[in-house]
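Okay, thanks for making time this morning. Let me put the structure up, and then I'll walk through it piece by piece.

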Protein chains: 2
Amino acid sequence: MTTDPATDDRSTGVPIRPSGATLRDVADAAGVSKASASRALDPTSQYVSSAMRARVLDAAGRLGYRPNASARATTTGATAMVAVLVSDIRDPYNAEIVHGVIEQAGASGLVATFAGTDHAIDDEIRVVRMLRSLRPHAMILTGTRSGSTVSRASLEEELARYTQEGGRVVIAGDDELPFDTAVVPRRRGASALVAELFRLGYRSPALIRPDHDSAAARRWEDGVVEAAGRLGMRIEHDSVVRAPMTRDGAYDAAAGLMVRRPEHLDVVLAATDTMAIGVMSAMRDAGLTPGTGIGVAGFDDVVGTEDVTPGLTSVDLALARVGAAAVELALSESGDRRRVEFEPRVVVRGTTPARAD
Amino acid sequence: MTTDPATDDRSTGVPIRPSGATLRDVADAAGVSKASASRALDPTSQYVSSAMRARVLDAAGRLGYRPNASARATTTGATAMVAVLVSDIRDPYNAEIVHGVIEQAGASGLVATFAGTDHAIDDEIRVVRMLRSLRPHAMILTGTRSGSTVSRASLEEELARYTQEGGRVVIAGDDELPFDTAVVPRRRGASALVAELFRLGYRSPALIRPDHDSAAARRWEDGVVEAAGRLGMRIEHDSVVRAPMTRDGAYDAAAGLMVRRPEHLDVVLAATDTMAIGVMSAMRDAGLTPGTGIGVAGFDDVVGTEDVTPGLTSVDLALARVGAAAVELALSESGDRRRVEFEPRVVVRGTTPARAD
DNA sequence: CTGAAAGCGCTTACAG
DNA sequence: CTGAAAGCGCTTACAG
């Protein structure tokens with residue numbers, strides 16, 4: 001499906017529509033020129049008599065006038081829009097970021113447009129090409145992407161073209177493409193979690209991590225290991241277990257861990273909340289109560305962890321704020337590449353009470 | 001925050017952008033007129049010599065030309081876009097529908113735009129007004145909405161204005177606004193579930209339903225009751241329990257139910273999968289195994305029910321297809337109000353084995 | 001099959 | 001403070 005870059009995408013069978021009231025109509029109804037009507041409708045325009053503005057506003061209201069954004073955009077050169085490329089909107093992680101984008105875009109008077117890319121870089125290239133037509137102020141890339149090095153180069157090239165046209169590109173997620181980035185603070189969050197657990201008296205963690213090697217999983221593990229090393233906590237080699245990134249995968253891994261029970265083990269860290277819930281079940285089925293004796297902590301705080309008992313300690317990555325920050329980056333000028341990262345918030349709940357000793 | 005309908009929303013501080021190659025540039029590079037270039041780029045245009053088309057396509061490719069969608073839209077009158085109003089994208093139920101919309105829109109050569117409305121009708125009115133500026137081909141409303149009767153009337157009025165301009169309005173969800181609707185088959189799905197359970201030998205269900213009176217909850221209960229009545233299954237009065245729509249809410253309700261244990265109870269139906277998972281926990285904690293003796297069934301099949309053991313019987317509402325169908329409704333002509341509804345799919349898993357008797 | 005011209009609905013210098 | 005005019009980048013009859 002190699003689309004010729006020059007091929008057009010007109011005529012999708014979409015019918016032409018009649019339009020509503022136009023600036024001309026408003027001007028006529030108010031008895032002024034189009035130019036004046038345009039100025040009266042622009043809240044930032046200075047030189048307009050309030051009498052005329054009132055007349056124009058009144059006429060516009062009566063006619064239900066809405067400015068034609070396309071016409072405006074062909075005049076001004078760009079659409080008041082940010083385009084978001086998201087791998088899969090059904091992933092709650094992405095949905096949270098997207099939510100932040102929508103909110104912030106709305107607050108900034110922009111509309112947000114989305115295109116799915118199904119994790120494939122080749123898809124993204126196609127989508128970027130399509131979106132360039134809309135002349136959005138910015139494109140925001142979120143979610144993970146996988147593809148060959150060649151594809152990656154083509155994607156960067158297509159994005160570069162877009163920036164040469166004056167567009168802005170912002171990444172919301174991992175810091176791996178050469179553009180402004182609103183970072184999802186995985187590494188920092190994992191470190192903060194470990195530091196907090198240390199403060200609560202925990203000393204010997206086990207890790208349940210996904211068995212695939214995603215950037216996300218790697219950053220979580222890096223953060224954990226970094227903080228543990230710094231604080232002098234020991235992570236035994238056999239206390240790092242790989243498992244499928246599901247509740248059941250983590251259940252099995254944790255069940256095995258509970259049988260072996262490494263000597264000083266006092267807390268199990270799972271790479272996601274969903275996995276942590278599997279860990280809790282495995283502990284229960286092994287006759288243990290999470291938080292009593294051995295603690296449990298998750299990561300991401302995006303699924304309904306408030307629903308489990310006892311409450312699951314986790315890390316809030318402020319994903320909605322990441323999305324909002326991406327929009328802000330897109331709207332502010334910049335000379336060189338920028339990077340914003342929020343402080344993640346460790347949320348201590350019942351699964352990691354302070355240890356008595 | 002009553003926005004004057006006539007007030008403009010220009011000048012959000014968004015900078016003007018330079019643009020890329022233009023049709024003029026392509027025409028010049030190919031040595032033809034703008035008109036010819038335009039036709040050559042239009043795959044449906046008949047009267048173009050293939051020699052010229054080749055030259056133009058080549059030039060466009062070299063220049064990285066992308067047609068300006070805004071200019072095209074001001075010429076043709078409408079944007080190749082569907083606008084989706086969604087109450088909260090973080091709700092997996094909505095995310096699934098939205099996913100279907102994005103896919104189908106992409107396949108139809110349209111882009112999809114989203115605006116959040118936070119469940120409030122007044123918000124939706126504001127958003128519809130804003131979106132009208134974009135002249136999208138259609139607006140798709142999804143998710144639940146709450147608001148006064150007055151607000152509801154204003155919303156319908158604003159939407160009517162939009163349809164008068166030639167726009168199309170489609171609902172993806174419950175059948176309660178006077179527009180084309182892609183129905184989420186809750187009622188039908190609940191009936192089908194009960195029929196299937198009947199076939200498997202179940203005769204005495206208990207119901208755990210949300211304690212608030214949403215349209216969704218009502219439709220589920222209606223479907224259950226209808227099928228049960230039709231099949232001669234009895235639902236005892238004290239076997240319908242209201243509970244908060246969370247795992248824990250359902251847990252408590254089910255725990256109470258297990259203590260009382262209505263005489264012939266053989267299956268517990270929960271209004272959502274999340275609630276069903278709470279029911280399963282309560283049963284376990286009461287020393288029972290879900291599916292052995294008493295069955296459990298959820299609804300929606302949207303959360304990761306494949307992760308629980310035994311697998312949870314549920315109903316797949318085909319939400320992505322609902323989203324896709326909404327786009328299709330938006331693109332096809334219609335005289336009067338239409339309504340499409342898919343057959344939901346009952347997914348039988350380990351929690352409801354066939355009963356021996 | 002191809003080109004010159006008009007027009008879509010707006011905004012923005014440029015003159016008053 | 002107000003208006004006439006030009007221009008944004010396209011598409012589409014209308015003549016060749």
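**Walking through the model**

So, let's start at the DNA, with strand C. The residues of the surface near DNA strand C split into nine nonpolar, 13 polar and six charged. Where do the residues come from? In chain A, helix 1 (23-30), helix 2 (34-41) and helix 4 (69-76) each give two or more, and in chain B that goes for helix 2 (34-41) and helix 4 (69-76). Helix 4 of chain A has the largest share, five residues. Before I go on, please keep in mind that this is a predicted model.

Now the other strand. DNA strand D is surrounded by 27 residues, with A:Ala35, A:Ser36, B:Leu23, B:Ala35 and B:Ala71 the closest. The elements giving two or more residues here are helix 2 and helix 4 of chain A, plus helix 2 and helix 4 of chain B. And which helix gives the most to this surface? That's helix 4 of chain B, with five residues. By class, you get nine nonpolar, 13 polar and five charged residues near DNA strand D.

Okay, stepping back to the domains. For chain A, the assignment gives domain 1 (23-67), domain 2 (80-184 + 321-341) and domain 3 (186-316). From domain 1 of chain A to domain 3 of chain A, the C-alpha centres lie 62 Å apart.

Next, a residue in strand 2 (residues 111-116) of chain A, namely A:Thr113. Is A:Thr113 buried or exposed? A:Thr113 counts as buried because 23 other C-beta atoms lie within 10 Å, and the cut-off for that is 20 or more. Leaving out residues up to four places away in sequence, A:Thr113 touches A:Met81, A:Ala83, A:Val84, A:Leu134 and A:Pro136, and from chain B also B:Val111, B:Ala112 and B:Thr113. A:Ile102 is eleven residues from A:Thr113 in sequence, and their C-alpha atoms are 9.0 Å apart.

Staying with chain B, have a look at helix 6 (residues 121-132). This helix has twelve residues and spans 16 Å from first C-alpha to last, close to the 16 Å expected at 1.5 Å a residue. Its buried residues are B:Ile121, B:Asp123, B:Glu124, B:Ile125, B:Val127, B:Val128, B:Leu131 and B:Arg132. What covers them? Among the elements doing that are strand 1 (79-86), strand 2 (111-116), strand 3 (136-142) and helix 7 (149-164) of chain B.

Then there's the largest nonpolar core, with 197 residues, where A:Val279 and B:Val279 touch the most other members. Helix 12 (residues 319-331) of chain A gives the largest share of this core, ten residues. Not counting residues up to four places away in sequence, A:Val279 is in touch with A:Ile208, A:Ala250, A:Ala254, A:Val268, A:Ala270 and A:Val296.

Last stop, A:Gly278, which sits in helix 11 (residues 273-285) of chain A. Why does A:Gly278 count as buried? Because 26 other C-beta atoms lie within 10 Å of A:Gly278. Beyond its neighbours within four places in sequence, A:Gly278 contacts A:Arg247, A:Asp248, A:Gly249, A:Ala250, A:Tyr251 and A:Ala254. A:Asp252 is 26 residues from A:Gly278 in sequence and 8.1 Å away, C-alpha to C-alpha.

Definitions and conventions
Residues numbered from 1 in each chain as written. Chains lettered and ligands numbered in written order. Predicted model: local features only at pLDDT ≥ 70, side-chain atom pairs only at ≥ 80, totals over all residues. Helix = DSSP H or I, 4+ residues; strand = E, 2+ residues; numbered from the N terminus. Nonpolar A, V, L, I, M, F, W, Y, C, P; charged D, E, K, R; others polar. Buried ≥ 20, exposed ≤ 12 C-beta atoms within 10 Å, placed from the backbone. Contact = placed C-beta atoms within 7 Å. Expected span 1.5 Å × (residues − 1). Core = buried A, V, L, I, M, F, W, Y, C linked by C-beta atoms within 7 Å. Domains from an automatic or database assignment. Near = placed C-beta within 6 Å.
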